[in-house]
Amino acid sequence: MPADQPKIDDPANLRDLLDKFADLQAEADAEGEAGEEEEEVNDQAPAAAGSSKKKKKKSKNKASKAIQKLKDISSGSVPDALVAQVQQQIVNDTPAGSAPPTINEAEIKRALQAVDLIKLLEGKSALGNAQNTKDLGEHKFWKTQPVIQTVASSSSSASEPAEGPIDPPRTVESVRKDPLALPSGYEWSTIDITSPTQLRETQQLLSENYVEDPDASFRLGYTDEFLRWALGPPGYVEDWHIGVRVKGSGKLIAFISGIPMDVGVRDNSFKAAEINFLCAHKKLRNKRLAPVLIKEVTRRVNLKGIWQAVYTAGVVIPTPISTCRYYHRNLNPAKLVDIGFTPIGRGETISRLVRKYALPTAPLTPGWREMTEADVPVVATLLRRYMQRFEMQQVFATDDEVRHWFLSGRGTGDTVEGRGREGQVVWAYVVEDPSTHTITDFMSFYSLPSLIMKHPTHKSLNTAYAFYYASDAVPESSHSARDTPEDKARLGVRLNALMKDSLIVAKQAGFDVFNALSLMDNNLFLHEQLFGPGDGYLVSLLQSNEATAHGYVSCFRVVRQNYYLYNWRCAPIDGARDSWKTKETSKIGVVML
């Protein structure tokens, strides 16, 4: 074995090694860009600062080398000696009297390769691909912003300031009127989402640069219809769709977006901007455009008299108010095995996975039907009432918002054998009581496919994401009220029926996998509907009965979605990230695209 190859010589070492890689990944993500900034500053400082500069570079290089080793493994270059040691590790961990599983090199490679695709499907950068998120980890920048700076300061106590704005009140007149300066050779551009040409430019930039695994095998496949739906809610501000172009050629090389939303945080409600799609061309990451883009979108939002924002990130920056966890439900086992998303565990075969994840051919709930225009007012009322359950919620202030988010992305034409309409982005359904004709429930999900770049057969992974839902199964209440055991049980039964029907519809529509976070009341149905948390490691998932029961294999730590508020101080909010078995529900009621 080469001297620099990680050793696995006892039953604990593999898990320890993977823990170390995960920690170094987080360190590289959080410090990568900040380290570059420190080096630039030190280059201009007196010579006495040289020792500090060397330490920064050494720390960064150490993390980078470790991550490169992991990238080499995950891309398939697994040394024979390491494969042998992993196999021996599995033998050592096998209980006495039991036959050890036969795990060959191909299975180990496929398990490792699944890391990149799983992280991609969660809308995050792949393991080891710090370039996609390091700008967000630039703590030096975030220390200048009105955000919660430490975990301690986000906790609630008598000595801490009350929840509310961090910055003192301002006026629109005090906001800078001119755009921020860009590096030489670049210029600002406002993106018009009603222009097919500009929308296609944005789609191409995001698809090629926003999220991608290290060897460019998978990319999120944004469509024009998805971006038009995501960026064009009622009252959207065109000026908040911000691009950066190359002077002369006009090529779009960076983008950030904001859309208006009403937010409720415990006993407060305010207008905010939802910030999303921060992206710079992969070859221009050293231009340090991310902080400039964030400052510019902040300036433009402030010009409309809005001082708060909501955003999410896979990396930890100052400071998350909550964290939710991703879960995945297998809809197409044969395909997911073929592309490496679901390696086959011990004792499993594709035919067994197909039987395990089989679904009925039609929804089972009486009165289940597609939502129509006539349903908008009652769905809006049901949704507003239901969302009051959560400490942080999107407030659907107008019926027009409900109409946009759940009907405008339905595509054109007719459905063909349940497979959706041309350009369909969102699927929305209601349950109409057959006796009273009252709308009792509402359920929705949306589509965001991934492009498979290097597979000989499969070119796209069709992925559904759980969106908003509501039910009258629980009495009207606010976030401060607690469900009784009877309320919780009744809601759990109802939500399991609604999600099962959603899975049936998604399967009919040709989706391969269904994703959901631990937000809202999702923990009441995730386990029963065979969603997998991807919470294990290579060895534990190849052997674990829990993993085998769900047929889901993910290596290393699953990526979680961290929620942030800009210019708003509040105590942490429970995202129920580890409560899927205990069925503790989340207090987060905001679904970010």
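Residues are numbered from 1 along each chain as its sequence is written, and side-chain values use heavy atoms, with hydrogens and water left out. Because the model is predicted, local features need pLDDT of at least 70 and side-chain atom pairs count only at pLDDT 80 or more, while totals for chains, interfaces and linings use all residues.

Helices (H or I, at least four residues) and strands (E, at least two) are DSSP runs, numbered from the N terminus. Ser189 belongs to strand 1 (residues 186–190). Its relative accessibility is 12%, so Ser189 is classed as buried (under 20% relative accessible area; exposed is over 50% and partly exposed in between, with a 1.4 Å probe and protein chains only). The side chain of Ser189 forms a polar contact of 2.8 Å with that of Arg245; such a contact is a pair of N or O atoms within 3.5 Å, where within protein one must be able to donate a hydrogen and the other to accept it, and residues adjacent in sequence count only if both atoms are side-chain atoms. Beyond its neighbours within four places in sequence, Ser189 is in contact (heavy atoms within 4.5 Å) with His241, Ile242, Gly243 and Arg245.

Asn562, in strand 17 (residues 560–566), is likewise buried, at 5% relative accessibility. Its side chain makes a polar contact of 2.8 Å with the side chain of Thr323. Apart from neighbours within four places in sequence, the residues in contact with Asn562 include Tyr311, Val315, Pro320 and Thr323.

The axes of helix 7 (residues 196–209) and helix 8 (residues 224–231) come within 9 Å and cross at roughly 100 degrees. Axes here are lines fitted to C-alpha atoms, for helices over the stretch in contact, and angles run from 0 to 180 degrees between N-to-C directions. Helix 7 is therefore roughly perpendicular to helix 8 (65 to 115 degrees; under 35 is roughly parallel, over 145 roughly antiparallel and the rest oblique). Leu199, Arg200, Thr202, Gln203 and Leu206 of helix 7 meet Asp224, Leu227 and Arg228 of helix 8.

Several loops show backbone exceptions. Most residues other than glycine have a negative phi, and most peptide bonds are trans. A cis peptide bond, with omega of about -25 degrees, joins Pro318 and Thr319; Thr319 is in the loop between strand 6 (309–313) and strand 7 (322–330). Arg266, which is not a glycine, has a positive phi of about 55 degrees and is partly exposed at 21% relative accessibility. His437, also not a glycine, has a positive phi of about 60 degrees and is exposed, with a relative accessible area of 53%.

The structure holds 32 aromatic pairs, defined for rings of Phe, Tyr and Trp (its six-membered ring) with centres within 6.5 Å; planes under 30 degrees apart count as stacked, over 60 as edge-to-face and the rest as tilted. The rings of Phe396 and Tyr468 are edge-to-face, with centres 5.0 Å apart and planes at 90 degrees. This pair links distant parts of the chain, 72 residues apart. Phe396 is buried, with a relative accessible area of 1%, and Tyr468 is buried at 1% relative accessibility. Tyr469 and Phe525 form an edge-to-face pair, 6.3 Å centre to centre with 70 degrees between the planes. Tyr469 lies in strand 14 and Phe525 in the loop between strand 15 (513–517) and strand 16 (531–532), so parts 56 residues apart in sequence are tied together.
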